[in-house]
2 protein chains.
Amino acid sequence: MNRDNLTEETLNLHRTFKGKIEVASKMPVDTEEDLSLVYTPGVAEICKAIADHPEEADELTSKGNMVAVVTDGTAVLGLGDIGPKAAIPVMEGKSMLFKKFAGIDAFPLCLDTQDPEEIISIVKALAPSFSGINLEDISAPRCFEIEERLKKELDIPVFHDDQHGTAIVVLAALINALKIVNKSKQNTKVVINGAGAAGIAIADLLLYAGFTNVTLVSLEGVLRKGASWMNPRQASIAEKTNLNRMHGGLNEVIVGADIFIGVSAPEVLNKEQVQMMEEDPIIFALANPVPEIYPEDALEAGAVVVGTGRSDYPNQINNLLAFPGIFKGALNKKVRDITIDMKVAAAEGIAKVVSEDELCSDYVIPSALNKTVAETVANAVEQSVSQKEECLV
Amino acid sequence: MNRDNLTEETLNLHRTFKGKIEVASKMPVDTEEDLSLVYTPGVAEICKAIADHPEEADELTSKGNMVAVVTDGTAVLGLGDIGPKAAIPVMEGKSMLFKKFAGIDAFPLCLDTQDPEEIISIVKALAPSFSGINLEDISAPRCFEIEERLKKELDIPVFHDDQHGTAIVVLAALINALKIVNKSKQNTKVVINGAGAAGIAIADLLLYAGFTNVTLVSLEGVLRKGASWMNPRQASIAEKTNLNRMHGGLNEVIVGADIFIGVSAPEVLNKEQVQMMEEDPIIFALANPVPEIYPEDALEAGAVVVGTGRSDYPNQINNLLAFPGIFKGALNKKVRDITIDMKVAAAEGIAKVVSEDELCSDYVIPSALNKTVAETVANAVEQSVSQKEECLV
């Protein structure tokens, strides 16, 4: 399907269905008796039960399976600050995928404010109806503060998918890609091009998962302890990355790298740079729809495993592999927080869906449409929570 | 079904279904092509279309058919201030009924704040995802300010159902009841017992619809111009009611009344008081589940038409007759506001569902489960809007 056809077809589809989600009824209400059970007077008994035991809301209402998909519309796809109304199509798409892949009810809330304090207090006020908060497409660095504060101040899980969803799927793909090239996490040099929300989250997760040599590059240059131009989050990750204190930009740090992860801009990596990398390079070029380097060029320059954000090339790094299962596991275990251990477990869960037999350079990560992934991820997350619980006993 | 059985059965039902609503997907997403149309990359085209033409959000997303059911849990049913979590069962019941009776998607938002300014700013921030706001179970007098401000500051309809839903259905029942007793709006004396949100809204609507002699009684006594104990909303309605400036309480003003409307407390009207009313009294005793007077007692004391809030007696005054059709009409016409003319039209629409042939003292108002009501109400509302539009041309 070329882009013109796609535009026309997707517009027709959305216009015909008038959006992608609906709020449907789970119980019958056809008779007086039905009405007296689901509404007055019977519903008063449910209210009283919850007033006496608030935790019962998870069992007696839709709250226990309900996630809010919250955005302010400031960083929607690659389109930037297009506002809350124009963000609805993405958020209801997300809601739809939550339901389809994990059976979770998710509702899009597109906020008409960009003030972090206001966003925090709105989400806190909305929390009683939900058992999880998926933050989405909120621009950096505001997204960091909003997520951190909400994680601290709410007793339900809060997850900024643009950061952690991407990081989890990248880690999953790397776990399998390293098997292909026969390298280890400890002995590879990783270059992340792009030091926004996703880039920093990827660095954090890779370091926690056992990678030791990670370097981030932003438009201003390589992140380096002590550099004055970094924002607080960049300064913090710079403490743990670029251990050789290299100066310069991508052209300097790409030399001898084993892994390139691009969360940046179209076509910023060229074949010559790939050739400057260590033997058997792994390239994940995630800028969408135009990647940092096209797979055919990366392969021609010697890359062994190449992934993108696109569905029309092998190894699609798609957040859809992570968020449904992560939330499913979190809701099943009724956790207050999605921890970094749960994220690593999720990545390992995704990776293991690709069996040793199937694993090859064109297949290091399962298809985004693979229905078994969410269940596997949920199980991995739940197991990680159970192990933690046992350790605490 | 006795109350013990009801409690057990409704708890079982809610526990089995885990609440009453779900967020369902309207489009298929099984293939790569589906995914590219409903999510990336196709969804970007929908976002861009809305960024360029914000009004397109109504056609291209679920927004055009989506209503928020908003509460702070301060006045839930007769249970009072039970908080936002305990309010969820009522709000999702409401969402379910919106869908069942009008095909409208409605989503419950139970807010963890009671500050009117905060509620107003939260609802304003949430507005981009919705085409209507149904306020519910917010205590008086805060509900007045919240509704008024939101009506002024938002360009989508805002409707506090406890006020206007009740008022509309009472007016509908009165239109038909007056035919039974052969009296006219202009020549009847109406006593409303209860001067909270519902009582004042009923008085407002009846006066606008042509009733001339209306008196409200609160716990403090009869509302009377100049009385010092009234809140601002009571003071305002007192300007237009109790034209004879009567003092005292229910016992004084009930003398010679044609119509008693109770939105107050259990068993506060006795047989002797009914006997003090004008010939052929009409009694709507809406306290729930125990009415101001039981129908058998009212009838024994001479009442001709008796209605309650209960489904196990004739003439149930149930908001369910109004809100689905009102919002359906408002959304169909994309109005910015639900005006008082639309409310009168809705009442007339409900009333006319009872045909002249069927009309009798036990049947002045259709059954809450009558599926034709919402459509009739929506049509009446739309016609009222069209007439207004023609007048303005």
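Buried means under 20% relative accessible area, exposed over 50% and partly exposed in between, with a 1.4 Å probe and protein chains only. The views below come from a predicted model, in which local features need pLDDT of at least 70, side-chain atom pairs count only at pLDDT 80 or more, and totals for chains, interfaces and linings use all residues. Residues are numbered from 1 along each chain as its sequence is written, and side-chain values use heavy atoms, with hydrogens and water left out.

**View 1. A:Thr74 sits in the loop between strand S2 (66–71) and helix H5 (84–102) of chain A.** Helices (H or I, at least four residues) and strands (E, at least two) are DSSP runs, numbered from the N terminus. With a relative accessible area of 7%, A:Thr74 is buried. Its side chain makes polar contacts (N or O atoms within 3.5 Å; within protein, one able to donate a hydrogen and the other to accept it, and residues adjacent in sequence counting only if both atoms are side-chain atoms). Look for the side chain of A:Asp72 at 2.6 Å and that of A:Arg142 at 3.4 Å.

**View 2. Four strands of chain B form an open sheet in the order S3-S2-S4-S5, with parallel pairing.** Strands pair if DSSP finds at least two bridges between them. At the edges, S3 (105–110) and S5 (158–160) of chain B each pair on one side only.

**View 3. Strand S2 (residues 66–71) of chain B runs parallel to S3(B), paired over six bridges.** Here, B:Met66 has B:Asp105 in S3(B) as its bridge partner.

Definitions and conventions: Chains are lettered from A and ligands numbered from 1 in the order in which they are written.
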